[in-house]
Amino acid sequence: MSKHAKQGLPLGIDVGGSGIKGAPVDLENGSFAAKRMRIDTPTASTPEAVAEVINQIVDHFEDVRGDSPIGVTIPGVVTHGVVRSAANIDKSWLDYDAEPMLEKVLGHDIVLVNDADAAGVAELHYGAAKGQKGLVVMTTLGTGIGSALIFDGKLIPNSELGHLEIDGFDAESRAASSIKDKEGLSYPEWAKRLQRYYSQVEALLWPELFVVGGGVSKDAEQFLPLLDLKTPIVAATLQNKAGIIGAAHLAQEEHARRQK
């Protein structure tokens, strides 16, 4: 048995619209304990097809996994293991009892969570929101807009702030990073849409801090300074690692709870 298997490092697996990524996570410092593995998301991203890819990733890390907890993110609302929304994945996920199916395929207990919630938890414990009191709103700008609400260090799960109606549009259909790319918007042009979005969220929730994640957060200096908000807004520290790290953290927490 490897050193990592003895330590029981949890696995985090992040299911996205374009790729499914996973790695074992050292929760002492919130870092990957091995090189991340990525496989393209199947074109028909049905539960069965996605489960097969997740199984490949789990098998890849068998030598470091042992009996560790496994956390899996999904781009949708998750309540008690059931996926309740599917804005950016195959519609067959809607109202699908996914957690038991994944446990059967993997032969292992898992924790299934919303992807933005996982990212928010990672930023809370290891990143830009660490130590922040009051309400933190994390948004992930990608294919859509995910959100996570953290209040005094506690996750309020399954917020869907990317689907706020703003000016007659679903917010993510105007301000997601994918829309910027699709419409060929410059950063200043896109920032005008982000301004409208974040101003609306600010007026509704009055958070202490906005944290902006997703792949585009690596270019945060090109658009965050263009926003005029009363609330401080910062880039996520962990960028695209956050989903994996947060999933592993939540899986470890649930594993510890079940052991009591």
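Modeller: A salt bridge here is a side-chain nitrogen of Lys or Arg within 4 Å of a carboxyl oxygen of Asp or Glu. The model is predicted.

Biologist: How many salt bridges does the structure hold?

Modeller: Side chains of opposite charge can pair when their charged atoms come close. With the cut-off of 4 Å between nitrogen and carboxyl oxygen, the number of salt bridges in the structure is eight.

Biologist: Which residue forms a salt bridge with Asp-40, and how exposed is that partner?

Modeller: Asp-40 itself is exposed, with a relative accessible area of 53%. The closest N and O atoms of its salt bridge with Arg-38 are 2.6 Å apart.

Biologist: In the salt bridge of Asp-181 with Lys-180, which residue is buried?

Modeller: The closest N and O atoms of this pair are 4.0 Å apart. Asp-181 has a relative accessible area of 55% and is therefore exposed. Buried means under 20%, and the residue with 10% relative accessibility is Lys-180.

Biologist: Where do Arg-258 and Glu-254 lie, and which residues does their network join?

Modeller: Both residues lie in helix 9, four residues apart, which is about one turn of the helix. Arg-258 is partly exposed at 39% relative accessibility, whereas Glu-254 is buried at 19%. Salt bridges that share partners join into one network the residues Glu-254, Arg-257 and Arg-258.

Biologist: How are helix 5 and helix 9 oriented, parallel or perpendicular?

Modeller: The axes of helix 5 (residues 115-126) and helix 9 (residues 242-259) come within 7 Å and cross at roughly 85°. Angles of 65 to 115 degrees fall in one class, so helix 5 is, relative to helix 9, roughly perpendicular.

Biologist: Which classes of residue make up the contact of helix 5 with helix 9?

Modeller: On the helix 5 side the residues include Ala-118, Val-121, Glu-123 and Tyr-126. Among those they meet in helix 9 are Ile-245, Gly-246, Leu-250 and Glu-253. By class, the contact has nine nonpolar, four polar and two charged residues.

Biologist: Is Thr-41 buried or exposed, and which backbone oxygen does its side chain reach?

Modeller: Thr-41 is found in the loop between strand 4 (37-40) and helix 2 (47-60). Its relative accessible area is 12%, so Thr-41 is buried. Leaving out residues up to four places away in sequence, Thr-41 touches Gly-16, Gly-17, Ser-18, Gly-19 and Ile-20. At 2.7 Å, its side chain reaches the backbone oxygen of Gly-16.

Biologist: What is the phi of Asp-95?

Modeller: Most residues other than glycine have a negative phi. Asp-95 is found in the loop between strand 7 (82-83) and strand 8 (96-97), and is exposed at 52% relative accessibility. Although Asp-95 is not a glycine, its phi is positive, at about 60°.

Biologist: Where is Trp-206 found, and what is its phi?

Modeller: Trp-206 is found in the loop between helix 8 (187-205) and strand 15 (209-213). Its relative accessibility is 51%, so Trp-206 counts as exposed. Trp-206 is a residue other than glycine with a positive phi, near 45°.

Terms used:
Residues numbered from 1 in each chain as written. Predicted model: local features only at pLDDT ≥ 70, side-chain atom pairs only at ≥ 80, totals over all residues. Heavy atoms only, no water. Helix = DSSP H or I, 4+ residues; strand = E, 2+ residues; numbered from the N terminus. Buried < 20%, exposed > 50% of the residue type's maximum accessible area, 1.4 Å probe, protein only. Polar contact = N/O pair within 3.5 Å; in protein donor to acceptor, adjacent residues only side chain to side chain. Contact = heavy atoms within 4.5 Å. Axes fitted to C-alpha atoms, helices over the stretch in contact; angles between N-to-C directions. Parallel < 35°, antiparallel > 145°, perpendicular 65-115°, else oblique. Nonpolar A, V, L, I, M, F, W, Y, C, P; charged D, E, K, R; others polar.
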